[in-house]
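Please look over the sequence and the fold before reading on. The briefing below goes topic by topic.

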There are 2 protein chains.
Amino acid sequence: MLPNDQANRVFHALADATRRDILVRALEGPRNVSALARRYPMSVAAVQKHVAVLEAAGLVSKQRRGREQLVHPNVDTVRGAYRLLEQLEAVWLGRIDRIGELLAADHDTGPTP
Amino acid sequence: MLPNDQANRVFHALADATRRDILVRALEGPRNVSALARRYPMSVAAVQKHVAVLEAAGLVSKQRRGREQLVHPNVDTVRGAYRLLEQLEAVWLGRIDRIGELLAADHDTGPTP
DNA sequence: CATATCTACAACCATTTGGTTGCAGGAAAG
DNA sequence: CTTTCCTGCAACCAAATGGTTGTAGATATG
């Protein structure tokens, strides 16, 4: 499971529309940084920083090819975030179950009339 | 689907271990702010701010009961984030599919030897 | 070689974040 | 009524965020 501080980095990285889009583009196929930068109304350096945030979170890796740096996705990390949210929902469903048990128990022992 | 700026708020809210824990406690059962605050090494006001961030993201709502304010979860918003990550994975799987198609096409037409 | 392209990194700046303390109001308990 | 508890809000502060510009190195291209 994602350790707590990586979870912090992953969700922080996802909390920005530009970074989410960069991730989508990388998922579609490897892109270099300046090609990515052409899609957004900001400097190349700003996009470099966004990629660095995604990389620190383990959501993408960079791979040199000649003078360019290809950004490609780490799907496993996306799944890690996915699983964390799944666990949150499991807590919720567990609570529902416990309520169900209580109701069943109530029904079994029945409130003395 | 979550609008872009709500997605920003949701992932930002999840990018903090204290806030994720608050969400878990709320999922276990409604808690008031000062009961939550006792669990963390910080002031009540700090926890109030964390709850406000979760509330702005739509992850929890507050409901007054007498002098206390019960924090209870909005599971639908958790599922919204869930779905967004699902979509990311779908992009990835779509790419895999396209690669599969290409390979199949390569196999069909075959590279002329 | 000369020039253009892709990247890295530093310095700088405004804004946001995440904490603090202090104060005031409403509800519960003595 | 007085006191205690829970909450809301404002002011303040250090650190992080998200952008900029500028400089420099390495690789392609003419």
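This is a predicted model: local features need pLDDT of at least 70, side-chain atom pairs count only at pLDDT 80 or more; totals for chains, interfaces and linings use all residues.

Chain A and chain B bury about 2900 Å² between them. Two salt bridges link the two chains. Within each chain, helix α2 packs against helix α4 at about 75 degrees in chain A and roughly 75 degrees in chain B.

**Interface of chain A and chain B**

- The contact involves 31 residues of chain A and 31 residues of chain B.
- Of the buried area of about 2900 Å², 68% lies on carbon and sulfur atoms.
- Across this interface there are 10 residue pairs in polar contact, both residues being at pLDDT 80 or more.
- On chain A, helices α1 (4–14), α2 and α5 (75–109) each supply at least two residues of the side that touches chain B.
- The most comes from α5(A), which gives 13 residues to that side.
- By class, the side of chain A that touches chain B holds 19 nonpolar, four polar and eight charged residues.

**Salt bridges**

- Side chains of opposite charge can pair when their charged atoms come close.
- Over all chains, the count is 16 salt bridges.
- Between chain A and chain B, the count is two.
- A:Arg79 pairs with B:Glu89, with the closest N and O atoms 2.3 Å apart.
- B:Arg79 pairs with A:Glu89, and here the closest N and O atoms are 2.4 Å apart.
- This B:Arg79 pair crosses between chains, running from helix α5 (residues 75–109) of chain B to helix α5 of chain A.

**Helices α2 and α4 in chain A**

- Two packed helices are described by the angle between their axes and the distance between the axes.
- Helix α2 (residues 17–28) of chain A and helix α4 (residues 44–56) of chain A have axes 10 Å apart, at an angle of about 75 degrees.
- Angles of 65 to 115 degrees count as roughly perpendicular, so α2(A) is roughly perpendicular to α4(A).
- From α2(A), the contact uses A:Thr18, A:Arg19, A:Ile22 and A:Leu23.
- From α4(A), the partners are A:Val47, A:His50, A:Val51, A:Val53 and A:Leu54.
- The residues of this α2(A)–α4(A) contact are six nonpolar, two polar and one charged.

**Helices α2 and α4 in chain B**

- Helix α2 (residues 17–28) of chain B and helix α4 (residues 44–56) of chain B cross at roughly 75 degrees, and their axes come within 10 Å.
- That angle makes α2(B) roughly perpendicular to α4(B).
- B:Thr18, B:Arg19, B:Ile22 and B:Leu23 make the contact from α2(B).
- B:Val47, B:His50, B:Val51, B:Val53 and B:Leu54 make it from α4(B).
- By class, the contact of α2(B) with α4(B) has six nonpolar, two polar and one charged residues.

**A:Asp21**

- A:Asp21 sits in helix α2 of chain A.
- Setting aside neighbours within four places in sequence, A:Asp21 is in contact with A:Arg39 and A:Tyr40.
- A:Asp21 and A:Arg39 are 18 residues apart along the chain, and their C-alpha atoms are 9.6 Å apart.
- The side chains of A:Asp21 and A:Tyr40 are joined by a polar contact of 2.6 Å.

**A:Gln69**

- A:Gln69 belongs to strand β3 (residues 68–73) of chain A.
- Not counting residues up to four places away in sequence, A:Gln69 touches A:Arg31, A:Asn32, A:Val33, A:Lys62, A:Gln63 and A:Arg64.
- A:Val33 is 36 residues from A:Gln69 in sequence, yet the C-alpha atoms of the two are 6.6 Å apart in space.
- The side chain of A:Gln69 reaches the backbone nitrogen of A:Arg64 at 3.4 Å.

Technical notes
Residues are numbered from 1 along each chain as its sequence is written. Chains are lettered from A and ligands numbered from 1 in the order in which they are written. Side-chain values use heavy atoms; hydrogens and water are left out. Axes are lines fitted to C-alpha atoms, for helices over the stretch in contact, and angles run from 0 to 180 degrees between N-to-C directions. Helices (H or I, at least four residues) and strands (E, at least two) are DSSP runs, numbered from the N terminus. Angles under 35 degrees count as roughly parallel, over 145 as roughly antiparallel, 65 to 115 as roughly perpendicular and the rest as oblique. Contact means heavy atoms within 4.5 Å. Ala, Val, Leu, Ile, Met, Phe, Trp, Tyr, Cys and Pro count as nonpolar, Asp, Glu, Lys and Arg as charged, and the others, Gly among them, as polar. Buried area is the accessible area (1.4 Å probe) that two parts lose on being put together, summed over both. A salt bridge is a side-chain nitrogen of Lys or Arg within 4 Å of a carboxyl oxygen of Asp or Glu. A polar contact is a pair of N or O atoms within 3.5 Å; within protein, one must be able to donate a hydrogen and the other to accept it, and residues adjacent in sequence count only if both atoms are side-chain atoms.
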